[in-house]
Amino acid sequence: MSKSLPSPTELSAARLQRRRNAERRFKLYGQMAIGIAIGFLALLLISIGTKATSAFSRHMVDLTLERPDLATETELSVTEVNLAVRDRLLEIFPDASSARAARADLFGITTRLAVLPLRDRLNRNPNLATRPIRARLALSDDLDLYLKNQLSQHEQVYVGEAGRLAQTDIGRYRLSDAGPDGFFDFQDRIEAMGETRQDILISLSDAWFEFEDVSGAVLVLKHLAGPLPDFGEQSNAPISATLLNSVEAGRNASNRQIAMMLYLQKRDQIDRRFNTSLFTNADSTYPELAGTAAALFGSLFTMLITAIFALPVGILAAVYLEEFAKNTVLTRVIEVNINNLAAVPSIIFGLLGAAVFLNTFGLPRSVPLVGGLVLGLLVLPTIIIASRAALRSVPPSVRDAALGLGASPTQAVFHHVLPLAAPGILTGAIIAMARALGETAPLLLIGMVAFVSEVPASPNDEATVLPVLIYKWFSGAERAWEPMTSAVILILLVVLVAMNLLAVLVRRRFERRW
Amino acid sequence: MLETLGHLPIGWLLIAPLAAAGFFAFYSGRTQIGALSTGSTISARLNSQPNFHGYYLAFCTALPAALIFLIYLIFAESYARSALISELPTYLLERSDAQVSFFVDRVSEHAAHRESAATGNALFDASVERFAVIKGGLRFFALLIAVGVGALGYHFGGKRLSRSFQARSYVERTITALLFVCAAIAILTTVGIVLSLVFETIRFFSLPDGPSVTAFLFGTDWNAQTGQNFGAVPLFFGTLMIALLAMFVAVPIGLLSAIYLSEYASPRFRSWAKPVLELLAGIPTVVYGFFAATLIAPLVRDLAQWINALPFTPDTLLAAQPTSALAAGLVMGVMIIPFVSSLSDDVINAVPQPLRDGALAMGATRSEMIKQVVLPAALPGIIAAILLAVSRAIGETMIVVMAAGGRALITLDPSSDITTVTYQIVSLLTGDTAFDSARTVSAFALGFVLFGVTLLFNIIALRVVDRYREAYE
């Protein structure tokens with residue numbers, strides 16, 4: 001009895017509070033939904049952008065071929081130039097010539113085909129081959145990735161002063177200390193690391209060693225690269241250790257290759273520069289030599305064919321449906337058909353292309369001509385729908401005035417309505433072309449995934465396009481393909497954004513309110 | 001001479017003389033009629049303006065010739081191929097059709113590129129030469145007929161030009177007919193799709209190693225790469241599962257964004273947020289695929305492994321594959337958000353304002369008004385939007401190709417890799433020319449099912465939208 005029922009005022013206040021809370025919650029859900037969508041977009045762009053940046057630059061090794069001795073009567077082959085490059089590398093690292101593994105490491109610094117630009121230069125100008133010539137070669141993809149990602153995680157440690165260096169076995173050395181301090185600090189540090197210790201490189205003046213063991217006053221080392229200091233004399237040079245953050249078995253670059261790169265880098269023979277070949281080279285099986293030129297031209301030719309086919313046909317079809325078609329069954333069938341065609345999955349158009357263009361008409365595979373036609377059919381409904389909307393937005397008074405002054409319906413449409421609708425049509429056309437440019441699936445079915453190592457010269461040559469190149473590079477096994485793929489995505493997105501901006505500009509500049 | 005002609009890239013060479021002939025006929029027609037009128041006022045007495053006479057003559061000349069060229073383009077290649085095949089030595093013809101067609105493909109390619117360097121294979125080089133001669137002959141023949149037809153058209157068209165000739169009416173009728181042809185290409189596309197899918201599907205089921213229709217539609221074992229088992233149920237299951245996962249993402253986010261943008265957002269926020277949302281629709285699907293495979297799929301696997309490692313779950317609860325249904329579904333859902341949101345936005349905006357005003361006047365809060373008045377009124381339209389989005393998800397290819405894997409499994413585990421209809425179509429048809437094995441042709445049967453299902457969804461959705469639009473107009 002003591003607790004009285006809540007009064008009606010209290011009840012309604014509580015209910016109001018509940019309803020207001022519900023209102024706030026609902027609004028919050030809406031904001032969260034938009035936030036999630038935009039957040040995903042941002043995440044996508046940022047993740048691709050950060051991955052792509054590293055592909056826009058790459059490391060080149062800079063060699064001067066002193067006596068190339070390449071002057072021959074016939075054209076130089078890749079192998080001949082490659083031999084000269086290898087000779088030069090052996091001059092820099094003479095110790096590598098004795099052991100097979102060391103030679104493999106040394107020659108793995110660049111891939112065989114990296115000399116292609118140099119060979120072409122020499123073949124174009126044979127006089128060069130008799131003088132010292134500067135060769136900039138792309139570093140192999142694994143080493144390039146290592147320098148880009150891991151170099152900043154190396155840690156430098158001071159070990160001590162160098163005493164005497166003595167050889168114990170082929171390639172094995174003992175380095176004693178010079179002073180009373182010994183290598184005790186370093187030894188403590190090594191012992192503290194215990195099982196988690198990763199590979200360590202030791203440098204003494206220009207020589208690079210792999211660290212094997214330390215005991216008080218003596219370091220046990222394995223020579224990797226660079227000229228050795230004199231044996232038996234106390235040099236008092238500082239010894240420094242480079243702590244790598246990985247072990248040799250866990251990566252593609254060997255310790256010797258890392259030492260060679262550090263050696264070359266100290267002599268300014270490795271530098272990081274803008275990756276021009278990304279835009280000038282065609283596709284390659286080696287990531288460090290692959291470029292987008294063939295795909296760029298392939299996309300260009302494909303878009304050309306698409307535009308030549310789909311724009312006139314689409315616009316004229318829209319003119320027919322909007323201005324001339326009588327309301328017959330046939331017209332309605334065409335309209336329903338176009339609306340449905342716009343929602344057919346793109347891969348079905350690929351099947352159509354494979355069955356009709358390739359199989360029935362016998363057109364060649366992998367060519368922009370067929371790709372352009374397939375994409376043209378694909379975007380035709382989009383162009384028709386956009387053009388119809390643009391034509392519909394031109395007020396009837398324009399037609400009536402033209403007809404009233406004696407123009408025929410054809411004249412009214414082609415002299416007055418169509419020019420007034422042109423900005424709207426153009427906007428729709430640009431957006432449709434942007435869609436065609438990003439389309440991948442139908443092109444896979446008509447064979448545009450072929451490996452194309454030459455820039456196509458006409459729509460009838462084998463080619464690939466940018467989105468398909470993304471798919472192909474994505475499927476590549478080497479890790480270096482991932483930043484390369486991101487870079488192509490970035491290029492494609494930039495082109496698409498430019499096209500969409502153009503569409504917006506056209507709309508802003510020419511839009512008329514009636 | 002014929003051989004040289006056979007080597008040339010013909011397409012561009014045909015268009016130039018055609019255009020030249022058209023221009024010539026246009027100016028010739030205009031001057032002819034101009035010559036009939038010798039004074040400044042005469043043109044007023046012409047039935048049609050001189051330009052129309054020009055157009056008439058240009059049409060008379062160029063259209064029949066263009067028709068000849070079109071017929072040539074459609075039939076020449078296949079005719080030349082069959083002519084070449086009929087002349088090939090019998091030992092080559094005894095090989096499989098695929099090998100013969102590959103041989104002819106390469107011959108045709110060489111002839112088109114005119115690679116002067118002989119390959120060393122005597123039969124091949126002779127075939128290239130012979131092929132070029134056959135094609136050159138066909139081209140010469142086509143050119144001859146085209147020139148003849150064009151000249152005849154020019155001659156008889158020119159004869160009809162006179163002061164009283166109704167050139168304008170003829171020209172305009174021709175233009176209208178051309179416009180109709182353009183509109184009919186859309187129909188032709190559909191006919192082409194349906195016919196090619198139907199024919200190849202029938203062929204698939206009638207092949208000796210092809211399955212029966214029921215085995216295809218209801219079999220649960222898919223192993224097409226080896227050409228053994230064609231039970232497509234795992235593919236249908238995978239497709240539906242990924243589409244469902246995508247819908248779990250796209251429908252709530254898309255619908256709530258649409259509601260917020262149309263009912264709550266300030267015009268300024270709406271003016272930039274809506275285009276940004278629509279950017280999601282403009283990103284190529286291959287980019288989404290890359291995003292799904294490189295960023296989302298590893299996250300999904302880590303999450304699945306974490307769940308497996310929890311103390312109260314069995315260690316093998318989830319498959320935790322590097323490519324997974326969930327990764328593909330999530331990203332596909334993000335891709336579809338703008339479809340759901342922009343279509344729902346349209347239908348929500350189409351709900352008449354008096355309904356809203358009435359609800360608010362009765363004391364409803366905004367969210368009550370939306371939930372109890374606007375959404376029920378817009379429901380058919382929203383369902384249509386969702387149907388369109390589902391059909392989009394079913395037909396999506398690149399995301400599943402890159403992030404969903406290829407194993408034909410029936411499993412409810414979202415962290416397992418799974419395959420879809422579109423994935424199989426791509427993997428069966430990539431890099432294969434011969435259409436004679438059950439393996440390749442099965443892609444068309446899958447395409448047929450895909451086309452049928454998406455078409456059904458689209459038709460229902462478009463119907464609903466249309467009816468709904470009428471209801472409020």
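In this predicted model, 72 residues of chain A and 76 residues of chain B form the contact between the two chains; two residues are in contact if their C-beta atoms, placed from the backbone, lie within 7 Å. Local features need pLDDT of at least 70 and side-chain atom pairs count only at pLDDT 80 or more, while totals for chains, interfaces and linings use all residues. Residues are numbered from 1 along each chain as its sequence is written, with chains lettered from A and ligands numbered from 1 in the order in which they are written.

**Interface, side of chain A**
- Helix H1 (residues 8-53) of chain A supplies the largest share of the side that touches chain B, with 18 residues. Helices (H or I, at least four residues) and strands (E, at least two) are DSSP runs, numbered from the N terminus.
- This side of chain A comprises 50 nonpolar, 17 polar and five charged residues. Ala, Val, Leu, Ile, Met, Phe, Trp, Tyr, Cys and Pro count as nonpolar, Asp, Glu, Lys and Arg as charged, and the others, Gly among them, as polar.

**Domains of chain A**
- Chain A is divided into domain 1 (56-138), domain 2 (147-274) and domain 3 (293-510), with bounds from an automatic or database domain assignment.
- A distance of 47 Å separates the C-alpha centres of domain 1 and domain 3 of chain A.

**Barrel of chain A**
- Six strands of chain A form a closed barrel in the order S3-S4-S7-S6-S5-S8, with antiparallel pairing; two strands pair if DSSP finds at least two bridges between them.
- Neighbouring strands of this sheet are turned by 50 degrees against each other on average, direction ignored. Axes are lines fitted to C-alpha atoms, for helices over the stretch in contact, and angles run from 0 to 180 degrees between N-to-C directions.
- Strand S3 (residues 155-169) and strand S8 (residues 238-243) of chain A are joined by six bridges in the antiparallel sense, and A:Val157 stands opposite A:Ala241 in S8(A).
- Helix H6 (residues 184-193) of chain A packs on the sheet, where it touches S3, strand S6 (207-215) and S8 of chain A, at about 105 degrees to the direction of S3(A).
- Helix H7 (residues 255-266) of chain A also packs on the sheet, touching strand S5 (200-204), S6 and strand S7 (218-225) of chain A, at about 80 degrees to the direction of S7(A).

**Chain B**
- Chain B contains 17 helices and two strands.
- Along the principal axes, the C-alpha atoms of chain B fill a box of roughly 95 × 75 × 40 Å.
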